Each structure stands twice: as C-alpha cells, then as structure tokens.
Amino acid sequence: TSLATQYNGLRTQIDGIVTDSVFNGTNLLNSTATSLQVFFNATNTTSLTISAVNNTSTGLGVVGAAGS
C-alpha cells in the first residue's frame, strides 16, 4: 500500500479512538461543550473545570493525504 493510504488509515484510527473515549456519557477527547467539570467526591463540593478539546484528526489539523 502507498504511504498516503497508510497515513489516511492512521487518521481514521485517531478518529475511532476519539469516538470511543467516553466516560459516563461524556466524550473526554472531543467535547462539544466549552468546558468539562470533574467532581472528586460524592457531595460534588470538590471539582476541577477543564477546557473542552477537539482531538479528532480535523481538530488536530491532520489533513488527509492525496494520492491514496
């Protein structure tokens, strides 16, 4: 197979990993929200707010290779 085909296959794998990275119904690697709040105790009094990310191939700026 060509290098372009292999490269595009890796892009597809990145997107598959991102799609499968879900915990309690929240995708941890591709959030549509602006932030994600994580609670550390049962009473929800200790938390950390994290900026949302888009780690898909598109969000990372990994464009498809031509010639595959």
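Colleague: Which residues line the largest pocket?
Modeller: This is a predicted model, in which local features need pLDDT of at least 70, side-chain atom pairs count only at pLDDT 80 or more, and totals for chains, interfaces and linings use all residues. Residues are numbered from 1 along each chain as its sequence is written, and side-chain values use heavy atoms, with hydrogens and water left out. A pocket is an open set of points on a 1 Å grid over the protein atoms alone, where a 1.4 Å probe fits, with protein on both sides within 12 Å along at least five of seven lines, and lining residues have an atom within 4 Å of a point. By that rule the lining of the largest pocket consists of Phe 23, Asn 24, Thr 26, Leu 28, Leu 36, Gln 37, Val 38 and Phe 39.

Colleague: Which strand gives the most to that lining?
Modeller: Strands here are DSSP runs of E with at least two residues, while helices are runs of H or I with at least four, numbered from the N terminus. The chain has 1 helix and 4 strands, in the order α-β-β-β-β along the sequence. With 4 residues, the element that gives the most to the lining of the largest pocket is the strand at residues 35–39, strand S3.

Colleague: How many nonpolar residues does the lining of the largest pocket have?
Modeller: The classes used count Ala, Val, Leu, Ile, Met, Phe, Trp, Tyr, Cys and Pro as nonpolar, Asp, Glu, Lys and Arg as charged, and the others, Gly among them, as polar. No charged residues are found in the lining of the largest pocket, and beside 3 polar residues the number of nonpolar ones is 5.

Colleague: What is the phi of Asn 44?
Modeller: Asn 44 belongs to the loop between S3 and strand S4 (47–51), where its relative accessibility of 46% is why it counts as partly exposed. Its backbone angle is again positive in a residue other than glycine, with phi near 55°.

Colleague: Is Ser 21 buried or exposed, and why?
Modeller: Ser 21 lies in the loop that joins helix H1 (3–20) to strand S1 (22–23). Beyond neighbours within four places in sequence, it is in contact (heavy atoms within 4.5 Å) with Thr 26, Asn 27, Leu 28 and Leu 29. Since its relative accessible area is 18%, Ser 21 is buried.

Colleague: How far apart in space are Asp 20 and Thr 45, C-alpha to C-alpha?
Modeller: Asp 20 is found in helix H1, and it counts as exposed because its relative accessibility is 64%. Asp 20 and Thr 45 are 25 residues apart in sequence, and in space their C-alpha atoms are separated by 29 Å.

Colleague: With which residues is Asp 15 in contact, leaving aside its neighbours within four places in sequence?
Modeller: Asp 15 has its place in helix H1 and, at 25% relative accessibility, counts as partly exposed. Its C-alpha atom is 10.0 Å from that of Gly 59, 44 residues apart along the chain, and 11 Å from that of Val 62, 47 residues apart. Once neighbours within four places are left aside, the contacts of Asp 15 are with Thr 56 and Ser 57.

Colleague: How far apart in space are Ala 33 and Val 53?
Modeller: Ala 33 belongs to the loop between S2 and S3, and its relative accessible area of 40% makes it partly exposed. Between Ala 33 and Val 53 there are 20 residues of separation in sequence, whereas the distance in space, C-alpha to C-alpha, is 8.8 Å.

Colleague: What radius of gyration does the chain have?
Modeller: The radius of gyration is taken over C-alpha atoms, and the globule rule is 2.2 Å times the number of residues to the power 0.38. The C-alpha trace spans about 55 × 20 × 15 Å along its principal axes, and 12% of the 68 residues count as buried. A compact globule of 68 residues would have a radius of gyration near 11 Å, but for this chain the value is 16 Å.

How values were computed. Buried < 20%, exposed > 50% of the residue type's maximum accessible area, 1.4 Å probe, protein only.
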